[in-house]
Amino acid sequence: MKKVLMKGNEAIGEAAIRAGCLNYFAYPITPQSEVAEYLSKRMPEVGGVFLQGESEVAVGYMIFGAAACGARVFTTSSSPGISLMSEAISYIAGAECPAVFVNIMRGGPGLGGILPSQGDYLQATKGGGHGDYRMLVMAPASVQEAAEMVMQAFPLAEKYRNPVMILGDGLIGQMMEPVMFPDHLRTEPSNKDAWATNGMDTRRSDKRNLVKSLYLDPNVLNAQNLKLKAKYEQMKREEIRFEAYHTEASYEALIVSYGTMSRVCKTAIDNLKEEGIEIGLIRPQTLFPFPEMAIRQACDRPECRVVLSIEMSMGQMLEDVERSVQGKKPVEWYGKCGGEVPTPEEVMDVVRSFLKQYGKE
Amino acid sequence: MGKTFQKPQALSDTPTHYCPGCTHGVIHRLIAEVIDEMGIRGKMVGIAPVGCAVLAYNYFTFDFQEAAHGRAPAMATGIKRVRPDLMVFTYQGDGDLASIGMGEIIHAANRGEKFTTIFVNNAVYGMTGGQMAPTTMPNQRTTTSPMGRNVAEVGMPIKVAELLSSLQTPAYITRQTVIKPKYIVKAKKAIRQAFEYQLAGKCYSFVEVVSTCPTNWGLTPVEAVKWAETTMLPYYELGDKKVPD
């Protein structure tokens, strides 16, 4: 295992290969096109499949087709492209197939901009496509973590037979950082013979498999939705991940922040500590399921006067933070869209100002 | 003396949901017969469209996937790219393929994807209740063209087989029909040819089948056959449009 300096987008591509995913379909869009460029060279080297589709709509269904016949498969895109893929994501969730989608977020709505954003939080965690489905959403805060999450995403997608999304802001894709890949990570593909349309000869079976999401009988569809709901509840029990930073101190405020934004917050927390102001941080690593209990417990400390949702979006995560806090403490929001990441100094000012607003009684 | 006529193994025993006089059943049977004859049932993956044939998987006895409206060629691409050894066909109607799915079909054909498309053209949206399709004939009345298709407003019907034939990538593109026994024999031959090309990894293959929809045309099955023959066939000319070298 050796450290290499890599751009986030390239590390994401390499991580998928190391995880045994040799099938990639994609459509170019800034700021994630380097994944496709990297894999157009790398996939042929490892005997894998690389195909540039004609649109994100088509790519979504190439992923569906490949996943349905049992292949480990993934794609990468950015916000407007993910909107187009969301139809397929709904079908994939409905038909219970495993697939990994990486969204390197840019500013929106509409064409928005090409600079980093976290504006697709609601799309990723609450739906995006139609119908009652959820995705497991993982949010990396470094190139190393992006690579690790990509590698974890495939077995998780297969465990739940459900799409898994890696939700990174544009900086995660664009910045270069040292990254280490395990030498032999390749996880074994799970046994998919029970459901995959991989051909009866492949399974040595005379029982055919059917991959579909159509259930015209209302009772059967309701039962299917309950089955899906049970999987999402299981995710809530088994897959919540978060990092607690500086929560051993007697903090006066608790910040909830993820991705690149959380790194800025950590710097702000370190600087404020030098001023004698203690601030804690919960960094959700999974956005769905959301670390509700961790936030509820962390904000319950008597010294903690306010909870701050700091995000590169206009309060999209705030609702989940409020839900987690359950009125135990005031919850405030600070954020910035458009592509400029708030600086540590801005975050420090915001924290000081809210601490003043919620002064010691 | 052995049995001379029986249900193909690739066809299931499910009672049909198709309307009386609809030609989907005939086309399903031809596909099943070809699969039996080629002995490829264990390698088959069918892709059902959105439209009347959305439930096509109920009538076959091999692996099937269900696509969103128009996206079957993208799904077939995904399968063939990761499992070139599987035999894959998309079964699509004219609303599905020629309207919402036009992008996917053109690009799949242009990439020379090694799967087969069975394109059932009955000049109307069937499942949703007889709305105008890109293939609806000039002056043909539908529920969304009650005065008849006005070509000055919505253009002429699209000849998909000819359109795909204009691509430079080698392919097998043919138009057939199943409205009379003499045509059915030829249509089966074309489906067999398409599957043979796929099995050999030769090229993309596309069989358009001019079909009837008595229910949405407001005709009896016999009148529908006559209308298809006198109105559709002069415009949608039968025969091979493109064959690979």
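**Entry 1: chain A overall**

I began with contacts in chain A between residues at least 6 apart in sequence, and 80% of these join residues at least 24 apart. I count two residues as in contact if their C-beta atoms, placed from the backbone, lie within 7 Å. The model is predicted, so I note that local features need pLDDT of at least 70 and side-chain atom pairs count only at pLDDT 80 or more, while totals for chains, interfaces and linings use all residues. Residues are numbered from 1 along each chain as its sequence is written, and chains are lettered from A and ligands numbered from 1 in the order in which they are written.

I find 13 helices and 15 strands in chain A. Helices (H or I, at least four residues) and strands (E, at least two) are DSSP runs, numbered from the N terminus. The radius of gyration of chain A is 21 Å, close to the 21 Å of the globule rule for 361 residues, so chain A is as compact as a globular protein of that length. This radius is taken over C-alpha atoms, and the globule rule is 2.2 Å times the number of residues to the power 0.38. I also noted the span of the C-alpha trace of chain A along its principal axes, about 75 × 50 × 40 Å. Of the 361 residues in chain A, 56% are buried. Buried is set at 20 or more other C-beta atoms within 10 Å of the residue's own, exposed at 12 or fewer, and partly exposed in between, with C-beta atoms placed from the backbone.

**Entry 2: domains of chain A**

I looked up the division of chain A, which gives domain 1 (3–238) and domain 2 (242–357). The bounds come from an automatic or database domain assignment. The C-alpha centres of these two domains of chain A lie 29 Å apart. Their contact takes 26 residues from domain 1 of chain A and 22 residues from domain 2 of chain A. On the domain 1 side, the elements giving two or more residues are α5 (121–126), β6 (136–138), β7 (163–169), α7 (170–174) and α9 (218–238) of chain A. α5(A) gives the most to that side, with 4 residues. By class, I have 16 nonpolar, 7 polar and 3 charged residues on the domain 1 side. Ala, Val, Leu, Ile, Met, Phe, Trp, Tyr, Cys and Pro count as nonpolar, Asp, Glu, Lys and Arg as charged, and the others, Gly among them, as polar.

**Entry 3: E10 of chain A**

I checked E10(A), which is found in helix α1 (residues 8–18) of chain A. E10(A) is buried, with 21 other C-beta atoms within 10 Å. Leaving out residues up to four places away in sequence, E10(A) touches E34(A) and Y38(A). The C-alpha atoms of E10(A) and M176(A) are separated by 9.3 Å, although the two residues are 166 apart along the chain.

**Entry 4: where chain B touches chain A**

The contact between the chains takes 28 residues from chain B and 32 residues from chain A. On the chain B side, β2, α2 (72–82) and α4 (102–111) of chain B are the elements that give two or more residues. α2(B) gives the most, with 8 residues. I class the chain B side as 13 nonpolar, 7 polar and 8 charged residues.

I traced an open sheet of 8 strands with mixed pairing, in the order β9(A)-β2(B)-β1(B)-β3(B)-β4(B)-β6(B)-β5(B)-β7(B). Two strands pair if DSSP finds at least two bridges between them. β9 (210–211) of chain A and β7 (239–242) of chain B stand at the edges with a single partner strand each, so one side of each has no neighbour in the sheet. β9(A) pairs with β2 (residues 63–66) of chain B in the parallel sense over 2 bridges. I find L210(A) partnered with F64(B), and V211(A) opposite Q65(B).

**Entry 5: strand β6 of chain B**

All of β6 (residues 204–210) of chain B is buried, 7 of the 7 residues, so β6(B) is largely enclosed by the rest of the structure. I list Y204(B), F206(B), E208(B) and V210(B) as buried on one side, and S205(B), V207(B) and V209(B) as buried on the other. β4 (residues 116–121) of chain B runs parallel to β6(B) over 6 bridges, and T116(B) has S205(B) as its bridge partner. β5 (residues 171–177) of chain B is also parallel to β6(B), joined by 7 bridges, with T174(B) partnered by V207(B). From β5(B) the chain crosses through helix α7 (residues 181–199) of chain B to β6(B), a right-handed β-α-β crossover. Right-handed here is a path that runs clockwise from the first strand over the helix to the second, with the strands pointing away from the viewer.
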